[in-house]
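Reader: I would like to go through the labels used for this model and hear what each one rests on. Please give the value and the cut-off each time.

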Amino acid sequence: MNTHALETRIPPPVVALVVLLLMWNLAAWLPGPPAPGWQVSAALTLVATGAAFDLAALWAFHRARTTINPMKPQATAHLVTGGVYRLTRNPMYLGLGLFLSAAVVY
């Protein structure tokens, strides 16, 4: 199978949502004890951090006047290297990873 053909077919947020749904279904099959207060706080902290990375990345793309759509890489106008991109190569994926981590913690 040619994996390059799939690279621009499925948007990363959709992949993250599918993974989240699979995690949720797995948790329904293997229930654990209710989440104590610290787990809820930790999960909310991870969600807030992930949202901050995502929003900072979107703002950097907006300032550079380039597209955020990974489905059309040919539409990019500039390479963004400032702002949050000085900390991490792909803050949008980091944000999605933190959202999924929050689900695991919760």
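Reader: Which residues form the nonpolar patch on the surface?

Author: This is a predicted model. In it, I10, V14, V15, V18, V19 and L22 make up a nonpolar surface patch, and together they have about 470 Å² of accessible area.

Reader: Which residues make up the largest nonpolar core?

Author: A57, A60, F61, V80, V84, Y85 and M92, a set of 7 residues. Helix 2, residues 37-64, gives the largest share of this core, with 3 residues.

Reader: What does M92 touch?

Author: Leaving out residues up to four places away in sequence, M92 touches D54, A57, L58, F61, I68 and Y85. Contact here means heavy atoms within 4.5 Å.

Reader: How many aromatic pairs are there?

Author: The count is 1 aromatic pair. The rings are those of F61 and Y85, with centres 5.6 Å apart. The limit for a pair is 6.5 Å, so these two rings qualify.

Reader: Why is the pair of F61 and Y85 called tilted?

Author: The ring planes stand at 40°.

Reader: Why is P91 called buried?

Author: Its relative accessible area is 0%, and buried means under 20%, so P91 is buried. P91 is placed in helix 3. With residues up to four places away in sequence not counted, P91 touches F53, D54, A57, V84 and Y85.

Reader: What about N90: buried, exposed or partly exposed?

Author: N90 has 29% relative accessibility. That value lies between the cut-offs of 20% and 50%, so N90 counts as partly exposed. N90 is in the loop between helix 2 and helix 3, the latter being residues 91-105. From C-alpha to C-alpha, N90 and F53 are 9.3 Å apart, while in sequence they are 37 residues apart.

Reader: Why is R65 called exposed, and what is its phi?

Author: R65 has 72% relative accessibility; exposed means over 50%, so R65 is exposed. Its phi is positive, about 55°, although R65 is not a glycine. R65 sits in the loop between helix 2 and helix 3.

Reader: How do you know that W38 is exposed?

Author: By the same cut-off of over 50%: W38 stands at 60% relative accessibility, so W38 counts as exposed. W38 is in helix 2. Its C-alpha atom is 31 Å from that of W59, 21 residues away along the chain.

Notes
Residues are numbered from 1 along each chain as its sequence is written. This is a predicted model: local features need pLDDT of at least 70, side-chain atom pairs count only at pLDDT 80 or more; totals for chains, interfaces and linings use all residues. Side-chain values use heavy atoms; hydrogens and water are left out. Patches are made of residues with over 30% relative accessible area and no salt bridge: like charges are joined within 9 Å, nonpolar side chains (Val, Leu, Ile, Met, Phe, Trp, Tyr) within 5 Å. Accessible areas come from the Shrake-Rupley method with a 1.4 Å probe; for residues, only the protein chains shown count as cover. A salt bridge is a side-chain nitrogen of Lys or Arg within 4 Å of a carboxyl oxygen of Asp or Glu. A nonpolar core is a set of buried Ala, Val, Leu, Ile, Met, Phe, Trp, Tyr and Cys residues joined through side-chain atoms within 4.5 Å. Buried means under 20% relative accessible area, exposed over 50%, partly exposed in between (1.4 Å probe, protein chains only). Helices (H or I, at least four residues) and strands (E, at least two) are DSSP runs, numbered from the N terminus. Rings of Phe, Tyr and Trp (its six-membered ring) pair if their centres lie within 6.5 Å; planes under 30 degrees apart count as stacked, over 60 as edge-to-face and the rest as tilted.
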